[in-house]
Amino acid sequence: MVKINPHTKLLGLIGDPVSHSLSPKLHNYVIKKLGLNYRYLAFSVNSGDLSSATSGARALGVKGLNVTVPHKVSVVREVDELTEAGEATSAVNTLIFKENDLLIGDNTDWLGFIDALRVNDFDPAGKHCLVFGAGGAARAVVYGLARAGSKQIFVVNRTVANAEELVEELQAYSGSTELGYMGLEDFSFGKEMLDYELVVNATSVGLEDNHRSLWREKPVLNPDQLVFDLIYNPFPTQFLKVASQAGAKVVGGMEMLILQGLRSLQLWTGAELDREEILAELKKYLGGKNGSQGPHCW
Ligand code: ATR
């Protein structure tokens, strides 16, 4: 690893809490592997200090920050410019401090999600997709699927008004992708499920509690379908266990976590990297598919 010297540039994560985050381990691994003169640290920043933390980082010449819970939405007001992804998802997970002093707010969650589909040999173009959830994570998923050219995205959420709002707001970015929504209570897990090549859990159900899942009854699924859970810990979630028993192929959130991080690192450093090769190494290094740390600590 390049020794710390006067030219070493700083990257990091701001959130609260950050103590269980995998991001420092992930980024410093890649920094070392590629011989980059950077270091990545985690900073616990409470909500009252968010503004001074970002202006302090700017003054110190920090090159980039990841943003996690609870600041992903509130940090939007600290940036000079939002990328389209930041605007569409109303959330920022990546801050880029430019040479011209501009602070850019971006979101790489959607790209991490699409990259994770692709490494699992699933191309979303032209596909029918079912997304459970209408929070921040679901926004990144819907935006990503629309950008990747899905034919149809159907959003199902406990609070139907939140699904309606998501669909209305993302319509502007959806191009020719058809968007629809429904309340979870009215949705059937019967043979209608076979209409979708991709099924995604973007709710928090199952996080830290492996006994709970969205399924009220055994879903009708087949081996041609991919069921994806954004939750990476535990793996597999109850949602994925049931889907797997019903015959579908399943993917947990670990690959998305790693791939969104790699996308941020590329934005900050401009480094060329073989994402698939580094993904395979990082999955082992970070504790395999089981993800050994706290949930959603991106
Ligand atoms: P995130 O940023 O991780 O997406 P969020 O914005 O709080 O978190 O969104 C959580 C999502 O999980 C929402 O879609 C939420 O549904 P509501 O819009 O009805 O709140 C969903 N969710 C949370 N607990 C749930 C539960 N017990 N059953 C069904 N959906 C649930």
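## Helix H5 and its neighbours

The axes of helix H5 and helix H6 (residues 160-170) approach to within 11 Å and cross at roughly 40°, where axes are lines fitted to C-alpha atoms, for helices over the stretch in contact, and angles run from 0 to 180 degrees between N-to-C directions. That angle makes H5 oblique to H6, given that angles under 35 degrees count as roughly parallel, over 145 as roughly antiparallel, 65 to 115 as roughly perpendicular and the rest as oblique. The crossing of H5 and H6 is right-handed; a crossing has this hand if the near helix is turned clockwise from the far one by less than a right angle, and is left-handed if anticlockwise. Helices (H or I, at least four residues) and strands (E, at least two) are DSSP runs, numbered from the N terminus.

Helix H5 (residues 136-147) also meets helix H4 (residues 109-119), with axes that come within 8 Å and cross at roughly 60°. H4 and H5 are therefore oblique to each other, and H4 passes H5 in a right-handed crossing.

## Basis of the model

This is a predicted model, in which local features need pLDDT of at least 70 and side-chain atom pairs count only at pLDDT 80 or more, whereas totals for chains, interfaces and linings use all residues. Residues are numbered from 1 along each chain as its sequence is written, and side-chain values use heavy atoms, with hydrogens and water left out.

## The ligand site

There are 15 residues around the ligand, and those that come nearest are Ala134, Ala137, Asn157, Thr159 and Asn162; a residue is counted as near if one of its heavy atoms lies within 4 Å of the molecule. The shell divides into 4 nonpolar, 9 polar and 2 charged residues, with Ala, Val, Leu, Ile, Met, Phe, Trp, Tyr, Cys and Pro taken as nonpolar, Asp, Glu, Lys and Arg as charged, and the others, Gly among them, as polar.

An N or O atom in the side chain of Asn157 is 2.7 Å from an oxygen atom of the ligand, and a polar backbone atom of Gly136 is 3.1 Å from a ligand oxygen atom. The protein covers 68% of the 650 Å² of accessible area that the ligand has on its own, as computed by the Shrake-Rupley method with a 1.4 Å probe.

## Backbone features in loops

The peptide bond from Asp16 to Pro17 is cis, with omega near 10°, and Pro17 lies in the loop between strand E1 (9-15) and helix H1 (23-34). Another cis peptide bond runs from Phe235 to Pro236, with omega near -10°, and Pro236 is found in the loop between strand E11 (226-229) and helix H7 (238-245).

Methods:
A polar contact is a pair of N or O atoms within 3.5 Å; within protein, one must be able to donate a hydrogen and the other to accept it, and residues adjacent in sequence count only if both atoms are side-chain atoms.
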